[in-house]
Amino acid sequence: MTLKTRWEELKVSMRPRVKEWAFMLKRMRQSPLALVGLIIICAFIVIAILAPVLAPTPANSRDPFMMPKDEILARVRPAEPLPPTTNHIFGTIEYQYDLYYGCIWGTITAFRVGLLVVGVSLIIGLMVGTLAGYYGGMLDEVLMRFTDIIIAFPGLILAMAFVIAFPQAITLNFSIVFLVVFVLMSFGFIAFSPNKRLLLVVQVLLGASLISVFFYPAILAVNLSKLDKVMIAITIVGWPGYTRVIRGEVLRVKNEDYVEASRASGSSDVGVIMRHIWPNTIYPLLIVATLDIGAIVLTAAALSFIGIGAPEGFADWGQIIQSTRMWLITPQLMVQYYYTFLIPGLFISLFVMGWNLLGDALRDVLDPTLRRR
Amino acid sequence: MCLMGPRMTSLVAYILRRLILLVFVILGVTVLIFAITMMFPPDIRAYMYIRNAEQTRSNVIQELIDKYGLNDPFYLQYGRWLSQVLQGNLGWSHAAGSGGASVVDSIRAKWPYTFEIVMFAAPIIIFVGIFIGVQAAIHRNGVIDQVSRVGSIIGWSLPSFWVGMLLLTAVTAAFGVNLRGPINESSIGYMQSTGFVRVTGVDIFDGVLNAIFYQGRVHVSAVTNATSSQIVSWTSDLGVSLDALTHVVLPVIVIVTIDVALLIRVMRSSMLEALGKPYIITAKAKGLKKNVVIYKHARRNALIPVATLSGMLVAGLLGGLIITETVFSFPGLGSWAAASAVQVDIPAVLGYAILSAFVFVIANLIVDILYAYIDPRIRLD
Amino acid sequence: MSQKNVVEVQNLDVKFYTYAGVVEALDGVNLTLREGEILGLVGETGCGKSVTSLSILMLVPPPGRIEGGKIRFDKQGGADILRMNDASLRSMRGKDISMIFQEPRAYLNPVYTVEDQISEVMLVHRQVEFFSKAIQALQARKSKGLELNVYRRLAKNPESRIGGFIGRFSRKRQFKDEVRNEVVRVLKSVEIPDPERVAHMYPHELSGGMAQRVVIAMALACYPTMLIADEPTTNLDVTVQAQILNLVKQLRDNFKSSILYITHDLGVVAQVCDRVAVMYAGNVVETADVFELFGSPLHPYTRALLESIPRPGKAFKSIPGIVPSLINPLSGCRFRDRCPYAMEICLKVKPPFDEVKKGHFAACYLYGGS
């Protein structure tokens with residue numbers, strides 16, 4: 001089969017799905033809440049992209065994510081947060097970091113944390129859940145017990161435990177393990193792609209990188225920043241949620257007629273999964289993922305608030321609020337320094353609200369009783 | 001609905017089966033958390049075996065490392081630690097305040113403050129959530145539905161610490177009152193004065209109990225300013241209770257706002273689904289009144305998934321309380337956990353994690369029992 | 001069979017306002033059910049049989065709306081059901097007209113026992129009767145006391161609040177016994193074996209046939225004048241189906257019930273019905289005595305239906321074309337695009353539902369009526 005006919009085939013088979021998406025988009029446009037959510041998220045995307053323009057990094061700064069200190073003011077008042085002025089639109093927080101800068105660049109941090117964590121959790125949860133649901137039996141039992149244990153108590157506590165437990169630097173041993181796992185998974189994916197030529201190319205590339213790592217171990221001596229630890233911890237705590245959802249869906253779809261028909265006509269297990277099961281089961285996952293982005297940003301902010309998240313001076317909304325906690329001991333002080341927590345908190349709330357509105361609208365739109373087939 | 005006969009025995013058998021399963025889950029959780037602690041060096045881990053303050057001196061720690069073989073393989077250490085836990089020693093928490101205390105003592109001292117918040121928050125979340133959810137479903141797309149939907153999304157999006165700070169600020173700005181902490185200093189002084197009996201440890205209860213049972217001892221008492229000996233405020237037994245109550249209001253509001261949103265949404269969609277079921281048509285065709293159809297037939301079926309969620313939410317309160325107690329300076333289990341995380345106090349984090357797992361497991365058990373009671377299809381599982 | 005009509009459906013119009021458009025589900029349906037007969041309502045899926053039956057009880061779910069017509073109910077002095085108030089409708093449902101449905105276990109509430117659900121309908125309509133029986137039984141035993149007084153009060157005024165309040169806390173054992181006995185009796189009358197045990201079972205513990213009997217028992221609990229059966233045997237095994245059909249026939253013979261039997265299975269119609277009404281795309285197209293219909297069908301659709309019944313040795317014959325869309329339907333007769341005899345007038349004006357022969361109605365221009 002030539003590449004061109006494959007492409008034609010794909011277009012034809014995708015047509016009803018494209019129609020369905022178009023219908024979904026139309027329904028989304030009709031919902032005012034969804035529009036508000038979309039607008040909010042787009043606004044944040046704009047802020048994130050234009051961050052270097054909106055809040056330019058000072059020339060002497062090494063890391064754009066570290067908030068700039070106002071040295072001049074620091075000489076006068078080394079620690080006390082100062083109210084908004086023309087120089088500092090939102091004011092400053094403790095040690096005279098610029099609040100405006102922190103909020104703008106914090107947007108990028110929020111997107112990074114949310115999307116990365118959700119992405120990785122989704123993939124892991126998808127794999128585990130599909131395996132458990134599709135093959136059932138002992139594999140299902142073992143995987144689900146493991147999942148249940150992780151879900152067994154509030155994620156915040158387990159995430160806390162992981163964050164403080166992780167070593168700062170991942171040694172070579174850890175890296176090798178991660179890399180091997182990643183390579184195996186990608187092999188698995190690629191092996192079932194219909195295009196053998198692509199498979200060969202990717203295999204060669206991966207093999208080359210694996211060999212080069214053995215010869216140059218320095219590549220993988222990664223230093224985990226505190227924020228990375230938070231992200232890994234939340235990922236570990238978060239993937240079981242997706243597992244349960246996808247497993248339920250796979251169980252529901254597994255016994256449908258079209259799956260049996262596909263098996264009867266000789267498709268491999270993986271083929272059935274990728275062509276029939278996944279397209280019909282991922283929609284609830286998308287809803288969970290969208291809603292999860294907000295929850296993850298909130299969790300990360302909470303961890304930062306306690307003090308085990310991003311380091312001091314880092315442009316992260318939760319960290320900004322945390323750094324000024326010492327100045328907010330009594331409510332009277334809170335009134336005086338309102339800007340230090342009001343503004344970053346507003347950013348967090350709006351960001352999460354945008355994703356929640358979107359996820360909620362998605363959930364209504366994907367309601368199976370109203371979906372047009 | 002009588003509980004006699006075959007239905008009861010099947011229910012009891014079901015409960016026993018779930019109990020055994022849950023014991024295994026708790027064990028699994030302890031293994032997981034213990035595994036996490038293994039990432040720490042032995043001298044920090046030694047704190048998990050300390051019983052009292054004397055043992056915190058450095059030479060004692062080396063002895064402990066040897067005694068408990070903290071460099072031995074994982075399963076040996078786990079076994080030793082588990083047997084120690086079952087004897088009642090959970091280690092020493094140095095973040096527990098005033099030089100530290102044993103984990104068990106810390107829990108005993110701090111749980112009343114957490115309980116004060118939970119005992120109000122949990123019922124409010126459940127009952128308000130169910131009520132509004134049902135109403136939203138019955139009057140679909142009506143005012144309650146739209147408002148609760150938007151309110152739910154907003155409530156769920158707000159960071160709990162931010163809401164707490166906002167409320168404190170607002171109350172201070174509006175009324176000039178400082179509602180931080182579990183109780184005012186004047187009440188603390190009152191409670192430490194002779195005659196006030198600590199019955200439960202929970203301020204709200206103790207005040208009332210003292211008022212009822214320990215009448216003769218202390219009546220109205222004047223709290224004087226330390227320097228000028230002037231009377232600062234009057235307080236009494238009931239005054240103590242009232243004071244504690246007012247301080248609990250804001251944390252409860254914060255917790256409820258965040259969690260009730262989810263319950264409303266789930267109750268609403270579950271109720272809508274139940275109302276669309278065929279047996280509702282049968283019920284109407286029997287000539288039943290609309291309220292009977294809604295509340296007796298639909299709602300009971302709709303409560304099934306909600307029961308599970310309620311259990312999880314209540315168990316999850318322990319997690320949310322970490323933040324809320326910190327913001328409101330409540331000296332409860334939550335703020336202890338937060339402080340332990342920052343100060344890398346392993347036994348405390350470990351103890352708190354095990355406690356949460358325990359609570360979660362008990363909550364699950366209660367939910368399972370409720371579930372089996374409401375839905376007879378489950379008992380034959 | 002008497003000539004009295006239990007229910008007369010006249011010109012019933014029902015529309016469904018959906019996302020896709022306005023579905024004209026029923027367009028002038030005419031139906032009469034005579035006392036003591038089993039009237040079959042036949043048609044393919046989607047032709048409006050269920051909607052018609054639900055309309056009789058005013059149970060059409062939104063987005064459906066009854067837009068026109070009359071449904072005269074003889075028991076209420078010929079009153080129009082479509083214009084009854086809520087209270088009258090509720091007193092009619094379950095007591096004068098009962099309905100049973102297709103998948104019995106789905107139509108029973110899964111969290112209540114059989115006894116709970118059957119006694120529920122009895123308590124709505126026959127409560128006073130049970131109080132009287134309880135009072136008689138207590139008087140026969142010469143007992144006095146609270147229980148007797150509660151019953152007396154509630155018998156006189158069933159809606160009494162005080163009575164209900166006290167009644168909830170007194171043990172009411174005699175009353176509960178009366179109700180329980182009646183439930184068992186009703187279960188026995190539909191030939192359920194071991195009725196005491198079945199009464200305590202939950203719907204998911206019943207087999208399909210058993211569940212359908214329970215549903216029938218529940219429908220008969222208050223001795224209704226009319227029973228609507230919406231495809232009650234479609235999901236059951238053939239052997240069980242035969243038993244249920246026998247039961248239905250007994251209902252007509254022993255209790256003189258009038259039954260509206262909805263089905264798409266012509267075999268069932270032949271076995272059980274006295275008269276038949278054929279529906280197509282929201283209209284009743286032909287009504288006749290069952291032998292008359294099978295012997296000399298008038299409407300082209302009926303003819304095509306009967307011809308398409310598979311017989312050994314005969315080639316398969318199906319009706320060409322598909323059922324027309326009921327959203328913005330075309331003018332004239334709805335069968336026009338599939339009818340081999342379609343004429344010009346069929347495309348323009350809908351044929352009236354006329355009595356072509358005695359007792360035999362058809363809506364077709366082949367038999368006049370322009």
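**Figure 1. The loop of chain C that holds N328(C), in a predicted model.** N328(C) sits in the loop that runs between α13 (300-307) and α14 (344-348) of chain C. Although N328(C) is a residue other than glycine, its phi is positive, near 50°. N328(C) counts as exposed, because 9 C-beta neighbours lie inside 10 Å and the cut-off for an exposed residue is 12 or fewer. Most residues other than glycine have a negative phi, and most peptide bonds are trans. The model is predicted throughout this and the following views.

**Figure 2. Two further backbone features in loops of chain C.** D194(C), which is not a glycine, has a positive phi of about 55°, and its place is the loop between α7 (173-189) and α8 (195-199) of chain C. D194(C) is exposed, with 10 other C-beta atoms within 10 Å. The loop between α1 (49-56) and β4 (64-73) of chain C contains P63(C), and the peptide bond that leads from P62(C) to P63(C) is cis, with omega near 10°.

**Figure 3. The helix pair α12(B) and α14(B).** The axes of α12(B) and helix α14 (residues 346-374) of chain B come within 9 Å and cross at roughly 170°, so α12(B) is roughly antiparallel to α14(B). On the side of α12(B) the contact includes R300(B), L303(B), I304(B), A307(B) and L318(B), and on the side of α14(B) it includes V359(B), F360(B), A363(B), I366(B) and Y371(B). Sorted by class, the residues of this contact between α12(B) and α14(B) are 14 nonpolar, six polar and one charged.

**Figure 4. The contact between chain B and chain A.** Chain B gives 41 residues to this contact and chain A gives 39 residues. On the side of chain B that touches chain A, the elements giving two or more residues are α1 (6-37), α6 (143-157), α7 (160-175), α12, α13 (333-342) and α14 of chain B. The largest share of that side, eight residues, is supplied by α7(B). By class, the side of chain B that touches chain A consists of 31 nonpolar, nine polar and one charged residues.

**Figure 5. The contact between chain B and chain C.** Here 17 residues come from chain B and 21 residues from chain C. The residues on the side of chain B that touches chain C are seven nonpolar, four polar and six charged.

**Figure 6. The largest nonpolar core and the surroundings of V297(A).** This core has 282 residues, of which M160(A), V297(A), A337(B), V349(B), A353(B), A217(C) and Y261(C) touch the most other members. Helix α12 (residues 269-306) of chain A gives the most to the core, with 17 residues. With its neighbours within four places in sequence left aside, V297(A) is in contact with A110(A), V113(A), G114(A), I348(A), F351(A) and V352(A).

**Figure 7. Confidence along chain B.** Chain B has an average pLDDT of 77, and 76% of its residues score at least 70. Within chain B, confidence is highest in α11(B), at 92, and lowest in strand β4 (residues 231-235), at a mean of 53. Residues 1-5 of chain B have a pLDDT below 50, and this stretch has one contact in the model beyond near neighbours in sequence. Where pLDDT is low, the predicted coordinates should not be read in detail.

Technical notes:
Residues numbered from 1 in each chain as written. Chains lettered and ligands numbered in written order. Predicted model: local features only at pLDDT ≥ 70, side-chain atom pairs only at ≥ 80, totals over all residues. Contact = placed C-beta atoms within 7 Å. Nonpolar A, V, L, I, M, F, W, Y, C, P; charged D, E, K, R; others polar. pLDDT = per-residue confidence, 0-100. Helix = DSSP H or I, 4+ residues; strand = E, 2+ residues; numbered from the N terminus. Axes fitted to C-alpha atoms, helices over the stretch in contact; angles between N-to-C directions. Parallel < 35°, antiparallel > 145°, perpendicular 65-115°, else oblique. Core = buried A, V, L, I, M, F, W, Y, C linked by C-beta atoms within 7 Å. Buried ≥ 20, exposed ≤ 12 C-beta atoms within 10 Å, placed from the backbone.
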